[in-house]
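Work through the exercises below with the sequence and the model open. Try each task before reading its solution.

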Amino acid sequence: MTALVPLVVLIPLLGAALAMALPGRRRAQQAITLSALTAILLLAVAFMWAVDVYGTLVMQVGGWAAPFGISLVVDRLSALMLAVSALVLLGVLLFSLGQGLADGDEETPVSIYYPTYLVLGAGVCNAFIAGDLFNLYVGFEILLVASYVLITLGGTGPRIRAGITYVVVSLVSSILFLASIGLVYAATGTVNMAQLSVRLAEIPLDVQVLLNIALLIAFGIKAAVFPLAFWLPDSYPTAPAPVTAVFAGLLTKVGVYAMIRTQTLLFPDSRLGDVLMVVAALTLLVGILGAISQLDIKRLLSFTLISHIGYLVFGLAMASSAGYAATIYYIAHHIIVQTTLFLAVGLIEREGGTTSLTQLGGMLRASPVIAVLFFIPMLNLGGIPPFSGFIGKLGLFTSAAELATPAAYWLMGVGALVSLLTLYALARAWSLAFWRSRAAALGGPNAPKPPTTEALLLEGRETALLEQLHDAPHAQPRQEQRDTPRLMYAATAGMVAVSVGLTIFAGPLYAYSARAGEALTEPGQLVSRILGGESQGGERDGAPGSGSGRTALDDAGDVADEGGAGE
């Protein structure tokens with residue numbers, strides 16, 4: 001099993017090369033991309049089972065033992081992230097295939113879209129299995145280079161403007177990350193995360209804090225935490241619907257994943273917990289206040305994306321196994337649900353010709369299927385019981401109550417308020433787009449007049465509300481309604497089903513997240529796996545039973561399965 005770890009990066013890269021060698025052959029490129037992402041999903045699911053039963057998988061590339069070689073590591077957290085990411089990439093790909101059937105190459109140029117999409121997937125997977133900071137940086141750069149291409153597809157003015165902002169911010173964050181790696185290497189003489197876990201504890205405390213802050217700032221830009229999230233609302237909404245969906249679901253979570261790795265493995269005793277609490281609260285509040293002031297649904301969802309990153313930082317700040325467990329579960333929930341909402345908005349845009357709430361209306365009668373596909377993940381993101389959003393937030397609040405600090409109690413209140421405001425913002429958007437009549441939305445002299453005083457009062461309140469909200473800058477004029485292929489409906493419905501599955505299978509998934517959270521609180525086990533030492537007590541990262549199947553490094557630095565389980 002260990003030998004299969006590099007395939008999650010090699011398969012999409014080889015698929016991208018093969019697809020690039022077949023320019024203009026749409027069906028061949030689609031088949032290659034679909035096959036590659038399906039293979040990654042199957043591998044990721046197999047990794048989830050293997051690491052849960054037999055322990056962390058560690059491969060030393062080229063047979064060079066850590067810390068001299070490149071370590072590729074798959075534990076419970078990275079395996080779950082690989083599986084969820086592959087599922088999202090596959091679902092969005094099916095959506096884009098349907099869009100391509102209707103629109104041709106206008107939104108997804110066949111010569112570059114599919115190879116670039118696979119390169120993006122390779123970068124995401126590489127970041128999740130990186131065992132050293134520089135390889136993590138390489139993963140970030142791979143996915144960022146691909147995202148530069150995807151965000152400017154179509155070459156329209158708004159996309160180029162948004163792409164320039166995105167590229168500049170990404171380059172700045174990459175420079176900061178690379179500079180931070182240089183500082184870490186200067187202080188410790190290594191970039192291997194396992195060895196850093198040992199050496200960072202030996203340097204002065206003030207140097208540790210400075211290095212911790214440097215890495216958090218670099219990752220905070222990528223994760224879009226306050227006050228480093230200014231770039232996101234103007235960048236994501238301008239891209240084609242499939243690109244926006246995959247960006248919203250995955251890219252910021254790679255930054256959050258990097259924050260989790262560094263805080264739990266490199267700085268397990270970090271003194272920045274209270275700072276992260278404040279950052280979490282501000283991210284929650286500023287993001288949702290931005291969302292409730294928006295008229296454009298894409299921008300509204302972009303601000304809710306920022307806001308809900310605050311929940312993840314909240315769980316990270318608590319630095320407890322229960323907090324990590326809730327955070328891991330909430331990451332999986334948020335990736336799926338946020339992607340699903342953006343796919344549903346893509347359907348709204350095709351059916352209604354716009355995503356501006358001033359021009360949408362009557363879609364419940366015209367497109368009841370889209371109304372349902374938006375309504376279910378809307379409730380989920382708002383945290384309505386029994387959906388996974390409620391389960392994840394309940395886990396976070398329970399962990400905060402166990403922590404029993406004033407900051408934790410205060411942040412619980414902020415989180416509950418933001419959950420209600422999220423539901424309010426999304427419900428208002430659903431009401432205006434689906435429940436309101438089309439004639440009322442269009443207005444004009446031919447619009448029917450409300451027959452009663454109460455209806456007139458409601459219409460006046462609606463008009464006053466819309467006048468207080470802000471539409472998207474550089475908003476495009478209303479477009480003609482376009483045919484929506486069934487594959488686009490099926491892909492969105494499939495993602496909705498997956499989001500519901502997070503609730504149906506919440507017990508096993510949360511238990512898996514709890515075991516992953518427990519492992520994060522014991523970094524010594526992961527360090528011993530990577531550096532070749534024995535695990536403490538022969539345990540398998542908190543899994544029940546004996547350690548007969550755990551993975552260890554042999555004398556040559558290769559990875560061998562002692563129990564033969566990975567053969």
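**Exercise 1.** State in which hand α13 passes α15, and decide how the two helices are oriented to each other.

*Solution.* In this predicted model, the crossing of α13 past α15 is left-handed. Next, take the geometry: the axes of α13 (residues 321-352) and α15 (residues 368-381) come within 9 Å and cross at roughly 150°. Angles over 145 degrees count as roughly antiparallel, so α13 and α15 are roughly antiparallel to each other.

Now look at the residues. On α13 the contact is made by residues including His333, Val337, Leu341 and Ile348, and on α15 by residues including Ile370, Phe374 and Met378. Sorted by kind, the contact residues are 12 nonpolar, 5 polar and 1 charged.

**Exercise 2.** Is Asp75 buried or exposed? Locate Asp75 and list its contacts beyond the neighbours within four places in sequence.

*Solution.* Asp75 lies in the loop between β2 (71-74) and α3 (76-103). Its relative accessibility is 8%. Buried means under 20%, so Asp75 counts as buried. With neighbours within four places in sequence left aside, Asp75 is in contact with Val51, Thr56, Arg261 and Leu526.

Definitions and conventions. Residues numbered from 1 in each chain as written. Predicted model: local features only at pLDDT ≥ 70, side-chain atom pairs only at ≥ 80, totals over all residues. Heavy atoms only, no water. Buried < 20%, exposed > 50% of the residue type's maximum accessible area, 1.4 Å probe, protein only. Contact = heavy atoms within 4.5 Å. Axes fitted to C-alpha atoms, helices over the stretch in contact; angles between N-to-C directions. Parallel < 35°, antiparallel > 145°, perpendicular 65-115°, else oblique. Left-handed = near helix turned anticlockwise from the far one by under 90°. Nonpolar A, V, L, I, M, F, W, Y, C, P; charged D, E, K, R; others polar.
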